[in-house]
Amino acid sequence: MKLALFIPCYVKEIYPNVVKSTILLLDRLGYKVEIPKKQTCCGQPFINSGQDTKLPARMDKIFIEYDKVIGIGSSCVSFTKSQGFSISNKIYELTEFLYEEGHLNLAQNYNKKIAFHHSCHSIRHLDLKTPSELNLPIKDKIKVVLGCEFSIASDECCGFGGVFSVKEGFISYAMGREKLDDLLKENPDVISGVDMSCLMHLKGIADKDGDKIEFKHISEIILESLDETL
């Protein structure tokens, strides 16, 4: 397969360590990914604000030559899927890709206690976990990929929501504080998730309020666990 890595703009600028861990993880599993240099924002902030933008169409042109596109984060991936372009059916969030390719129990040897944040886009758009409001038996693809125990908070929104957190800062904080309290109730060593946007929001609240807790993207969790087995 000819694979490309889609790096959301905020991840590229704020969390290069997550980009590195994702590349190293995929390499460890036998995948070589290309990183198109011309990629930029997917356009989600503009569309969500009611603004016209050519960025989604530009993304389609940049990534059209690849068999599969692996994205870091479900929010930008699910947005890109929704645009109906050629790459809509071949872009995957990292964990979604790992599950589809049969890479399971990758973090079964992870030695820290995890609290996992299931973000809205990951469970309600990408079907990585059954949303609680459906009142159906819970299926969790993320848990299958990780293969380790972790505590699960409610799957209510953390309050980030991109533009929402800017326009409605007080509400965004209150939602995030409630979600963080829920994640901390089992006294975890680390809080993880597939979306660095949500983790960034929760970490900002934790730092502001004096909560001492480590935050790690799921790629970092898996890579550290694989390193322990070598």
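These are my notebook entries on a few things I looked up in this structure.

**Ground rules.** I am working with a predicted model, in which local features need pLDDT of at least 70, side-chain atom pairs count only at pLDDT 80 or more, and totals for chains, interfaces and linings use all residues. Residues are numbered from 1 along each chain as its sequence is written, and side-chain values use heavy atoms, with hydrogens and water left out.

**The sheet.** I began with the strands, which are DSSP runs of E with at least two residues, while helices are runs of H or I with at least four, both numbered from the N terminus. I found an open sheet of four strands in the order β2-β1-β3-β4, with parallel pairing; two strands pair if DSSP finds at least two bridges between them. β2 and β4 (91-93) each have a single partner strand, so one side of each has no neighbour in the sheet. Between β1 (residues 3-6) and β2 I noted two bridges, and Leu-3 has Val-33 as its bridge partner in β2.

**Aromatic rings.** I then asked how many aromatic pairs there are. The count is five, where rings of Phe, Tyr and Trp (its six-membered ring) pair if their centres lie within 6.5 Å, and planes under 30 degrees apart are stacked, over 60 edge-to-face and the rest tilted. Tyr-31 and Phe-97 make an edge-to-face pair, 5.1 Å centre to centre with 75° between the planes. Tyr-31 is in the loop between α2 (16-28) and β2 (33-34) and Phe-97 is in helix α6 (residues 94-100), so this pair ties together parts 66 residues apart in sequence. Phe-97 is buried at 1% relative accessible area, where buried means under 20%, exposed over 50% and partly exposed in between (1.4 Å probe, protein chains only). Phe-97 also pairs edge-to-face with Tyr-92, at 6.5 Å and 70°. Tyr-92 is buried too, at 15%.

**A charge over a ring.** Staying with Tyr-92, I saw the charged end of Lys-81 over its ring, 5.3 Å from the centre. The rule asks for NZ of Lys or CZ of Arg within 6 Å of the ring centre and within 35 degrees of the ring normal.

**Asp-155.** Is Asp-155 buried or exposed? Asp-155 counts as buried, at 6% relative accessibility, and lies in the loop between β6 (150-152) and α9 (163-167). I found that its side chain touches the side chain of Ser-132 in a polar contact of 2.7 Å (a pair of N or O atoms within 3.5 Å; within protein, one must be able to donate a hydrogen and the other to accept it, and residues adjacent in sequence count only if both atoms are side-chain atoms).
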